[in-house]
Amino acid sequence: MNAWGETPTLALADGSYLSETSAIARYLDDTFEGRKIMGGTAHERGLDQMWDSRVWVHILYPIVTAFHVLHQGLGPKLELTSNPAWGEHSRKVALAHAGLVDRHLSDGRAWLLGGDQPTFSDITLATAIAFSKFPVNATPLDERFEHLDAFWQRWQSRPTFIAAYADRSSGVPEIDNRT
């Protein structure tokens, strides 16, 4: 389906494919009526893209980098690079920027843009928090920052989250063992 072998991939009616989560979300927002996950106005879309980029580049990507260079989490055939110094640097970058996001949320807003419902950037933030909780990462963002913890609690109470992890096989004990 996808020459790059990526997921997710969306098959379109004309036989073509889209991959990359943000590209698929943008396509769905522009194609269908209803709530827009990336924002309903140009201003909201701009803010959502700004926050998504901040979270992805400065929090999620460094956490993923730390995962890959600190250990062989995916096995020795896939994890070919060991660089503990870079892994620790990446972890510190993620924590520093998570602190900035925590401060942004400290004004009482439930979601990054401050609306009633999460947007795409909130999905990226929830992904960063979830990935930070893998035991090998040892960087649980919600346990270090009060407002990220409140965000994570709200996120976990969403029906879509509960349904997505109903099989209790995420690999994150906190998610899999919740009551």
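This is a predicted model: local features need pLDDT of at least 70, side-chain atom pairs count only at pLDDT 80 or more; totals for chains, interfaces and linings use all residues.
Q: Why is Arg-168 called partly exposed?
A: Its relative accessible area decides the word. Buried means under 20%, exposed means over 50%, and partly exposed is in between (1.4 Å probe, protein chains only). Arg-168 has 38% relative accessibility, and therefore counts as partly exposed. Arg-168 also has a positive phi of about 55°, although it is not a glycine.

Q: What makes Asp-167 count as exposed?
A: Asp-167 is in the loop between α7 and α8 as well. Its relative accessibility is 55%, so the label is exposed.

Q: How do you know that Asp-167 and Ser-169 make a polar contact?
A: A polar contact is a pair of N or O atoms within 3.5 Å; within protein, one atom must be able to donate a hydrogen and the other to accept it, and residues adjacent in sequence count only if both atoms are side-chain atoms. The side chains of Asp-167 and Ser-169 make such a contact at 2.8 Å.

Q: What makes Ser-19 count as buried?
A: Ser-19 belongs to strand β2. Its relative accessibility is 18%, so Ser-19 counts as buried.

Q: Which residues does Ser-19 touch, leaving out those up to four places away in sequence?
A: Contact means heavy atoms within 4.5 Å. By that rule Ser-19 touches Asn-2, Glu-6, Pro-8, Thr-9 and Ile-24.

Q: Why is Ser-132 called buried?
A: Ser-132 has a relative accessible area of 1%, and therefore it is buried. Its place is in helix α4. Beyond four places in sequence, its contacts include Ile-63, Asn-137, Ala-138 and Pro-140. A polar atom of the Ser-132 side chain is 3.1 Å from the backbone oxygen of Thr-139. Val-64 is 68 residues from Ser-132 in sequence, and their C-alpha atoms are 8.4 Å apart.

Q: What makes Thr-124 count as buried?
A: Thr-124 has a relative accessible area of 9%, so it is buried. Thr-124 is in helix α4 (residues 120-132), and it touches Asp-52, Val-55, Trp-56 and Leu-60, not counting residues up to four places away in sequence.

Q: Why is Glu-88 called partly exposed?
A: With 34% relative accessibility, Glu-88 counts as partly exposed. Helix α3 (residues 84-105) holds Glu-88, and a polar contact of 3.0 Å joins its side chain to that of Arg-91. Pro-62 is 26 residues away along the chain, with 9.5 Å between its C-alpha atom and that of Glu-88.

Q: How do you know that the radius of gyration of the protein chain agrees with a compact globule?
A: The radius of gyration is taken over C-alpha atoms, and the globule rule is 2.2 Å times the number of residues to the power 0.38. For 179 residues a compact globule would have a value near 16 Å, and the protein chain has 17 Å, which agrees. Its C-alpha trace spans about 45 × 45 × 35 Å along the principal axes.

Q: How many helices and strands are there, and what is their order?
A: The protein chain has eight helices and two strands. From the N terminus on, the order is β-β-α-α-α-α-α-α-α-α. Of the 179 residues, 36% count as buried.

Methods
Residues are numbered from 1 along each chain as its sequence is written. Side-chain values use heavy atoms; hydrogens and water are left out. Helices (H or I, at least four residues) and strands (E, at least two) are DSSP runs, numbered from the N terminus.
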